[in-house]
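Good morning, and thank you for coming. Please look at the structure on the screen before we go through it together.

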Amino acid sequence: MKTAITISQVPEAAEGPFVLRTPLPAAFATAASIGFDAVELFLPGPDFASVADVTALATANGLAIAAVGTGAGMLRHGLSLTDPCGDNREVAIDFVLSMIDFGGPLNAPAILGSMQGRRPPDMPRENALELLAAGLRRCAERAASHGVSFIYEPLNRYETNLFNRLQDAVEFLKRHNLKNVVLLADLFHMNIEERDLPAAIRAAGKHIGHVHFADSNRQAMGFGHTSAGPVIAALREIEYSGYLSAEIFPLPDPESAARQTISSIRSMLSSPISP
Ligand code: LER
Ligand code: MN
């Protein structure tokens, strides 16, 4: 398993769970100096930084790009893949596709989190899920053309009414034969929605392609009440080899949150048997 830390450059996400918020050169340098393998980027859009500049920063700092978020499409423009209006949906898909095209050359998959939207009260659930499946199919095909997967993230009930639990999302992916879509296991959302975190991870198995590594209160692991040992043990059991990416609040300050993340991961990964 590899470590990653979130960098946000989106002013509207000031209250969000992102650790580093300084301009990219400083944020990359901080991530590298603390010892992360990669950064996960939350940017205002595909034109905020050039692929060449991000590649140069990644190379200079010895970092990979773990993933790119698409949530700015919702946060800044109110876009979602399940918007009842077809024209709005097209704008939303175009935004996500543009982020896939940005991440692709960086070997970074894009994430569909808040931009999945939520089903309005007057839309039958079946219709909303058809829209989600159609959107995911287009995104997954575009991602495949870059040789990366596309990441779908179940969120807690206060952020979406589409999928809140991993297993429901696994069945949905299978039902719609959605290839090249992997799931994001965000431990913060899972803490709200799953009965048993390690069991949910074991059941989702190979469908998990990315992990947001957060404690119960969305702070760095060790600052809340999640038992991280059994979570890591379950991830080892399913032979998860992707990123543990710290999508957490920068508390008590960004550097302390980042250092706590690294030390919690190192101590757990170095123990041969996690309790
Ligand atoms: C995005 O990764 C996420 O977890 C959401 O809670 C952001 O709204
Ligand atoms: Mn997340």
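I shall speak about the aromatic pairs, the charges over rings, and the metal site.

This is a predicted model, in which local features need pLDDT of at least 70, side-chain atom pairs count only at pLDDT 80 or more, and totals for chains, interfaces and linings use all residues. Residues are numbered from 1 along each chain as its sequence is written, chains are lettered from A and ligands numbered from 1 in the order in which they are written, and side-chain values use heavy atoms, with hydrogens and water left out.

Let me begin with the rings. A pair of aromatic rings is described by the distance of the centres and the angle of the planes. Rings of Phe, Tyr and Trp (its six-membered ring) pair if their centres lie within 6.5 Å; planes under 30 degrees apart count as stacked, over 60 as edge-to-face and the rest as tilted. Searching the whole structure gives three aromatic pairs. F18 and F42 are stacked, because their ring centres are 4.4 Å apart and their planes stand at 15°. F18 belongs to the loop between β1 (2–8) and α1 (24–34), and F42 to strand β2 (residues 38–42), so this pair ties together parts 24 residues apart in sequence. Helices (H or I, at least four residues) and strands (E, at least two) are DSSP runs, numbered from the N terminus. F18 is buried at 6% relative accessible area, and F42 is buried at 9%; buried means under 20% relative accessible area, exposed over 50%, partly exposed in between (1.4 Å probe, protein chains only).

What is the geometry of Y152 and F163? Their centres are 6.4 Å apart with planes at 90°, so the pair is edge-to-face. Both Y152 and F163 are buried, and together with F172 they form one aromatic cluster.

R125 lies over the face of F163, 5.2 Å from the ring centre, while K2 lies over the face of Y243 at 4.4 Å. The criterion is NZ of Lys or CZ of Arg within 6 Å of the ring centre and within 35 degrees of the ring normal.

Finally, the manganese ion (ligand 2): its protein donors are E153 (OE), D186 (OD), H212 (ND1) and E247 (OE), at 2.1 to 2.2 Å. Donors are N, O and S atoms within 2.8 Å of the metal (3.2 Å for Na, K and Ca); water is not among the atoms, so sites may look incomplete. The six donor atoms subtend angles of 71 to 172°, which makes the arrangement octahedral, a term requiring six donors with opposite ones over 155 degrees apart and all others between 65 and 115. H212 is buried at 0% relative accessibility.

Notes. Four donors count as tetrahedral if all angles lie between 85 and 135 degrees; four count as square planar and six as octahedral if opposite donors are over 155 degrees apart and all others between 65 and 115; anything else is irregular.
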